[in-house]
Every structure is written in C-alpha cells, then in structure tokens.
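Trainee: I have a new structure to look at. Could you walk me through how to read it?

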Amino acid sequence: MSLLTNVMDHSLDDGYAEATARRKADGTEGMPRSLRAKLGLAAGLVLAALVVTVGAAQARIEAPVIAKEREELINRVEAETAAADQIEENVDKLRAEVGERQRRALEKHGGDQGGLVALLSGATAVQGPGVKLVVDDAKDSDEGGGGPRESTSFSDTGRLRDRDMQRVVNGLWSSGAEAVAINGQRLTSLSAIRAAGDAILVDNRPLVPPYTVLAVGPGERLSTRFQESADGQYLRVLQESYGIRRSISVQDNVRLAAAPSLIVRTAEPLVAGAGQDAANTGKGTS
C-alpha cells in the first residue's frame, strides 16, 4: 500500500515538474513547439516586409532628386559637346585661313619657281593624270598585337608596316610622281609616316586599310617605272610571299586636295666670313 500511495502522490517525474515550472516562469506553458516556429517565421516576414516598405518609400522620395541630377548631367555633357564642336570648327577655319595665307606667300615670294614650290610643298591642290595604287593586309592577317611593325623584319602575320608604306611612297617619288596622297592625306616634304601600335600614321593621323595611294604624274610611265623599281619589286615580294594585296592602275584624272596645314621654312644665305668665324670659335672652345 505504501508503494501505491507513493505512485499516486508522485505521478510526474521530478524532471518534468522542473520543466513545467520553467515554462510557467517564461510564459510559454502550453504552447506547442510548431506554433512557436510559425510565430517566429511570421515575425520575420513582417520585419522583412517592413524593411522593403521603408526602402521603397525612400526610393520614391529620392527618385525625383536622382532624375534631376541625371538631367543636369546630361545637359552639361551636351553643352560641353557643343562647345567642343564649336572649338573644332573654329580650329578648322583658322587652319584653312593659315593655309591660304601660306599658299599666297609661296606664290608671291617664290619668284619664277613659285608655282613649282607650292606644288612640291603641297600648298596647292593638283589635278592631272597619274596612278592609283591600293595595298591591303593579307586576308588572314593577324589583327592582334606583336605584329610586324613591332619586329625588325616582316613576319608571317600579313600586316603592312609603316616602313612598307615609306618604301611605296619613296618609290613613287623617285619614279616621277609630282604629288602623292594616302587615303586622302596629302604628303608634303615634311610629312612623316610612322606607326603607333597596329596603326600607320601619316602626319600623326591614323590610317585604316586598305591604303589607297594616289600619285599625280605621267600615268603610264609612272606606273611602269614604279613597278620596275626596287620598291615596286619589294611590294611584289610582299604579295607573293606574304599575301599582301595590291593593285595598280593608270588614271586619266587624279585630283589631290592641298595639305591641311603647312610649316613654311625659309633659308638665308650665309654671310661671308661667318662660317670661318664659327669654325674658329668652335676650335677655341673644344
């Protein structure tokens, strides 16, 4: 009977009794675990919705400010672009004016050779018979870096170099050309053909292949002399060995515009005795 009485008096384990007491103290007594998880999830969703709502409200508030700043930036860019275009137009006008005055000066002070000087210097537009030479890279040329312009000799990339164009132009001059232009860029006695990376520059202006070279001169004779010259043979080797494309034709009428800008230089005769004095001075200071 004492055992039965003990079981009836202590039907719950002491551990259960302690857990029940803790739940009473926390206020969670009688709340299932699944329900507590759902309440936690609901609270998280409410918090996330609140954050999104606040962010959207802030975006709506800042949207007009951002739109205004964007519009102001666009207006500034358009204004600066228009100003740059106007400056470029003024520069072109001034360059044309300077070129015209230089041409007049050459014609005025060149004496009997004024016309020839103006022609050879590129100061005047020319028109007459000539030749048209078109050269281009090979069809399967490598367009990446490390091309032949960056090496000491022609490589199998099939790209034309600045030195190749120099030989072409010099060959035309030596064959009797009176005026030469590459892709519309008139050459003068001070023109330079250089390279910058993969681009060929004429007077610091990049050219894009194919390169069209127009030369004014005795058409048929100019074409024959050039193709028989060392430079013409060099161009033929590039075509046969490396796939460089070229074509030359005689033209009845070739028109070349004047050079956009010129640098006029004059030479003065040396005063008698000045050279000897300079030499003596140099000997004394050495």
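**Cores and a helix**

Mentor: Gladly! Of the 25 residues in the largest nonpolar core, Met165, Leu172, Ile182 and Tyr211 touch the most other members. A nonpolar core is a set of buried Ala, Val, Leu, Ile, Met, Phe, Trp, Tyr and Cys residues joined through side-chain atoms within 4.5 Å; buried means under 20% relative accessible area and exposed over 50%, with partly exposed in between (1.4 Å probe, protein chains only). This is a predicted model, where local features need pLDDT of at least 70, side-chain atom pairs count only at pLDDT 80 or more, and totals for chains, interfaces and linings use all residues. Residues are numbered from 1 along each chain as its sequence is written, and side-chain values use heavy atoms, leaving out hydrogens and water.

Trainee: Which residues are buried in helix H6?

Mentor: An α-helix has 3.6 residues a turn, so residues three or four places apart point the same way. In H6 (residues 219-228), the buried ones are Gly219, Leu222, Ser223 and Phe226. These cover an arc of only 100° around the axis (taken from the directions from the helix axis to the C-beta atoms), which puts them on the same side of H6. Glu220 and Glu228, on the other side of H6, are exposed. Helices (H or I, at least four residues) and strands (E, at least two) are DSSP runs, numbered from the N terminus.

Trainee: What do the buried residues of H6 pack against?

Mentor: Contact means heavy atoms within 4.5 Å. The partners are strands E1 (126-136), E7 (211-216) and E8 (245-256), along with helices H5 (162-174) and H7 (230-242).
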